[in-house]
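Keep the sequence and the model side by side while reading.

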Amino acid sequence: MTETNYFAIPGTRPNLITVIEERFGLDLGTLGKKTRLRKYVKPRFLYFFLVREFFGATLSYQQIAAKITHEGHTLAHCTVIHGIQTCEDDMLQDQTLRMIYKELKTKIQNDEIIII
């Protein structure tokens, strides 16, 4: 996998999905992969958590789920609900996840990342 530093390209802002995939070492476009492997689930749930935090009730759970697709597979709204709750619980226990969350939140607040 070739590493791309999207923050080094002048005048561009990467989207949140791309940044999360890169941060967790996933291939681009695989965040929505139909699998329960933890290496995909944790970043996917973090994406749900951040989108919900910044958009609140503006986007429904189904609209958030529709943002992540992989090979024609879309997620159900209940996956988003479960993911947000699980991510919140995981961040209490996982210091690395909490650090990544804070880093991404800061970049979003500084307008360095496009959320959707």
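This is a predicted model: local features need pLDDT of at least 70, side-chain atom pairs count only at pLDDT 80 or more; totals for chains, interfaces and linings use all residues.

Helix α5 covers residues 95-109, 15 residues in total. The distance from its first C-alpha to its last is 21 Å, close to the 21 Å expected at 1.5 Å a residue. Its buried residues are L97, I100, Y101, L104 and I108. These residues lie on the same side of α5 because they cover an arc of only 100 degrees around the axis. What do the buried residues of α5 pack against? They pack against three helices: α1 (16-23), α2 (38-55) and α4 (77-93).

The two ends of α5 can be taken next. At the start of α5, D94 places a side-chain oxygen within 3.0 Å of the backbone nitrogen of T96. After α5 comes D111, which has a positive phi, near 60 degrees.

The partner helix α4 can be read in a similar way. Its 17 residues should span 24 Å at 1.5 Å a residue, and the end C-alpha atoms of α4 are 25 Å apart, so the two values agree. Buried in α4 are V80, G83, I84, T86, C87, D90 and M91. The buried residues of α4 pack against α2, α3 (61-66) and α5.

Terms used:
Residues are numbered from 1 along each chain as its sequence is written. Side-chain values use heavy atoms; hydrogens and water are left out. Helices (H or I, at least four residues) and strands (E, at least two) are DSSP runs, numbered from the N terminus. The expected span of a helix is 1.5 Å times one less than its number of residues. Buried means under 20% relative accessible area, exposed over 50%, partly exposed in between (1.4 Å probe, protein chains only). The arc is that of the directions from the helix axis to the C-beta atoms. Contact means heavy atoms within 4.5 Å. A polar contact is a pair of N or O atoms within 3.5 Å; within protein, one must be able to donate a hydrogen and the other to accept it, and residues adjacent in sequence count only if both atoms are side-chain atoms.
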